[in-house]
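This report concerns a predicted model. Please consult the sequence and structure below before reading the sections that follow.

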Amino acid sequence: MVFLMAGKGTLSVFDTGKAAAAFAAESWMKACRESAQTKGYFAAALSGGRTPIHFYRVLSDNGKGLPWSKTHIFFADERYVPATHKESNYRMVRERLLSHVPVPEDNVHRVRTQEATAERAAETYEQEIRDFFGIEGDRIPEFDLIMLGIGEDGHTASLFPSTRPLEDEKRAAIPVAAEKPPYARISLTLPVLTTAQRIIFLVAGGEKAGVVREIVEDSESRLPASLVKQRAKNVQFVMDEGAASLLTLGIRPRRSFYDRL
Ligand code: 6PG
């Protein structure tokens with residue numbers, strides 16, 4: 001079932017997390033083809049966590065023919081661990097997606113967690129982003145698409161409720177003291193998330209239902225994911241029935257995807 005949200009964006013609910021992930025992957029592939037054709041490149045940031053695992057599987061199975069030479073992969077956040085560590089988002093995305101598709105190595109822009117500190121890793125990541133987009137000073141880069149998850153506490157990327165400053169940040173990437181392990185992380189900032197052409201929040205599981213309701217329905221909420229939702233240009237929520245189970249849905253149904261999936 002797809003619902004239109006006031007102003008901008010959509011909310012799509014599927015009976016399983018896998019169906020939600022498959023739909024998000026289709027959206028990502030469509031955006032990739034469109035951007036590569038119209039702009040000559042597609043710059044996307046990906047997330048870690050458990051929820052996108054099936055998304056990466058669908059993308060690696062169905063996305064072999066995408067314009068990978070024009071596709072640039074960044075990370076919405078990274079844990080400050082070696083690239084071979086089991087908690088590394090880069091490692092997860094490499095194993096699930098990047099090693100299965102013909103993306104040129106130079107198009108993968110990972111956070112260099114081998115730097116001596118998380119602060120330094122954030123600085124070099126920011127510089128890599130600025131070099132790619134050709135921007136200087138405090139100008140904010142404009143990604144084509146950023147895939148995000150949502151934590152039970154309302155965090156997104158590695159912007160946690162206690163992460164400060166969230167709003168007047170001039171930087172593109174910052175070191176973060178996370179509220180759950182691994183504690184040292186690097187994250188894109190709120191201005192970067194809200195400047196992206198499109199955000200896809202992929203969420204699954206009944207344990208997220210309470211926070212999803214607050215983010216989708218409470219326009220006063222100050223949770224990091226709420227701030228993204230309130231300020232982003234175009235937000236697509238894609239979730240399973242568990243995550244959607246507490247929504248009161250004061251939003252308008254458009255059409256059903258149940259029969260097709
Ligand atoms: C990370 C993330 C993080 C994640 C949420 C949801 O590196 O952990 O990018 O923001 O998306 O914590 O994680 P789950 O999908 O595992 O619930």
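## Helix H1 and its end

Helix H1 covers residues 17-39, a run of 23 residues. An α-helix has 3.6 residues a turn, so residues three or four places apart point the same way.

Gly 40 follows H1 and has a positive phi, near 90°.

## The ligand site

Around the ligand are 16 residues, of which Arg 50, Thr 51, Asp 77, His 155 and Ala 157 come nearest. By class, this shell has six charged, eight polar and two nonpolar residues.

For Asn 89, an N or O atom of the side chain is 2.8 Å from an oxygen atom of the ligand. In the side chain of His 155, an N or O atom is 2.7 Å from a ligand oxygen atom. Lys 208 has a polar side-chain atom 2.7 Å from an oxygen atom of the ligand. Of the 420 Å² that the ligand exposes when taken alone, the protein buries 96%.

## Backbone features in two loops

Ala 157, one of the residues that come nearest to the ligand, lies in the loop between strand S6 (145-148) and S7. Its phi is near 45°, a positive value in a residue other than glycine.

The loop between strand S7 (173-177) and strand S8 (184-188) contains Pro 182. The peptide bond from Pro 181 to Pro 182 is cis, with omega near -10°.

Notes: Residues are numbered from 1 along each chain as its sequence is written. This is a predicted model: local features need pLDDT of at least 70, side-chain atom pairs count only at pLDDT 80 or more; totals for chains, interfaces and linings use all residues. Side-chain values use heavy atoms; hydrogens and water are left out. A residue is near a molecule or strand if one of its heavy atoms lies within 4 Å of it. A polar contact is a pair of N or O atoms within 3.5 Å; within protein, one must be able to donate a hydrogen and the other to accept it, and residues adjacent in sequence count only if both atoms are side-chain atoms. Accessible areas come from the Shrake-Rupley method with a 1.4 Å probe; for residues, only the protein chains shown count as cover. Ala, Val, Leu, Ile, Met, Phe, Trp, Tyr, Cys and Pro count as nonpolar, Asp, Glu, Lys and Arg as charged, and the others, Gly among them, as polar. Helices (H or I, at least four residues) and strands (E, at least two) are DSSP runs, numbered from the N terminus. The expected span of a helix is 1.5 Å times one less than its number of residues.
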